[in-house]
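Here are some questions and answers about the terms used for one structure. Please look at the sequence and the model before reading on.

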Amino acid sequence: MGILYLVRHGQASFGAEDYDQLSALGQQQSVRLGEYFRQKGLTFDAVLTGTLRRHLQTYTAIREGGAFDREALLWPGLNEFDSAAVIATVHPYKLEKPDTPELYRHHFRLLRDGLTQWMNGVVSPQGMPSYREFLAGVTSALDHIRKNCEGNVLIVSSGGPIATAVGHVLGTTPETTIELNMRIRNSAITEFAFNPKRHTLVTFNTLPHLEHADHADWITHA
């Protein structure tokens with residue numbers, strides 16, 4: 001028996017040339033999460049992360065805040081999909097930088113559309129696996145944990161893999177999985193209870209480390 005904590009990375013650099021880089025706030029969110037774990041007396045018997053820079057930076061900051069010494073097992077199946085490649089399947093033109101509310105909403109409308117078509121096997125984004133293969137990468141991490149771990153386990157990943165894991169456990173439609181993905185906040189925690197046979201959802205998209213009023217403006221989505 002055990003508890004799996006799935007953590008989305010801290011705020012990255014949305015709208016920048018290189019998204020795969022924590023912002024200063026993303027760094028703060030992640031250190032604060034580590035402090036929260038330490039204050040709760042939580043340690044981890046195993047840690048898995050994707051291989052993207054923002055995953056590794058997030059876990060490094062969690063380790064700093066939590067004073068953890070546990071090394072992470074790098075798991076490429078926990079990497080995020082390529083949102084630009086997904087959008088290009090439904091909008092093959094360069095998007096303007098999403099620096100206004102309307103352009104931001106337009107970006108995510110296109111992303112929803114592209115994700116729906118990719119997950120239903122209608123389109124094949126350039127350089128990306130099929131959704132079936134993407135799902136297999138996520139479930140391979142869950143299977144590894146069920147078969148090899150107990151106690152507290154930490155995953156640091158992105159919204160897409162975490163929503164996919166939740167959708168897999170709950171048996172949701174692609175459309176519902178996409179809506180779950182769009183709701184996951186930076187550094188948010190989703191918890192599964194697990195045993196050798198199954199995972200069970202306990203909590204979704206919580207921010208207990210940012211509940212204090214001093215951290216109200218630390219809550220971000222992109």
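What follows is a set of questions on strands, helices and rings, each answered from a value and its definition.

This is a predicted model, in which local features need pLDDT of at least 70, side-chain atom pairs count only at pLDDT 80 or more, and totals for chains, interfaces and linings use all residues. Residues are numbered from 1 along each chain as its sequence is written, and side-chain values use heavy atoms, with hydrogens and water left out.

Q: Why are α1 and α2 called oblique to each other?
A: The two helices pack at an angle of about 45°, with their axes 6 Å apart. Axes are lines fitted to C-alpha atoms, for helices over the stretch in contact, and angles run from 0 to 180 degrees between N-to-C directions. Angles under 35 degrees count as roughly parallel, over 145 as roughly antiparallel, 65 to 115 as roughly perpendicular and the rest as oblique. Helices α1 and α2 are therefore oblique.

Q: What residues, by class, make up the contact of α1 with α2?
A: Residues of α1 including Q27, V31 and F37 meet residues of α2 including T58, I62 and G66. The contact has 5 nonpolar, 7 polar and 3 charged residues. Here Ala, Val, Leu, Ile, Met, Phe, Trp, Tyr, Cys and Pro count as nonpolar, Asp, Glu, Lys and Arg as charged, and the others, Gly among them, as polar.

Q: What makes α6 oblique to α7?
A: Helix α6 (residues 159-170) and helix α7 (residues 174-183) pack at an angle of about 135°, with their axes 8 Å apart. That angle makes α6 oblique to α7. On the α6 side the contact includes G159, A163 and V166, and on the α7 side T177, L180 and N181. By class, the contact has 3 nonpolar, 6 polar and no charged residues.

Q: Where do α4 and α7 meet?
A: The axes of helix α4 (residues 101-119) and α7 come within 10 Å and cross at roughly 140°. Among the residues in contact are F108, L111 and M119 in α4 and P174, I178 and M182 in α7. This contact has 7 nonpolar, 3 polar and 4 charged residues.

Q: Why is the pair of Y5 and F44 called edge-to-face?
A: Rings of Phe, Tyr and Trp (its six-membered ring) pair if their centres lie within 6.5 Å; planes under 30 degrees apart count as stacked, over 60 as edge-to-face and the rest as tilted. The centres of the Y5 and F44 rings are 5.7 Å apart and their planes are at 80°, so the pair is edge-to-face. Y5 is in strand β1 and F44 in the loop between α1 (24-39) and β2, 39 residues apart.

Note on methods. Helix = DSSP H or I, 4+ residues; strand = E, 2+ residues; numbered from the N terminus. Contact = heavy atoms within 4.5 Å.
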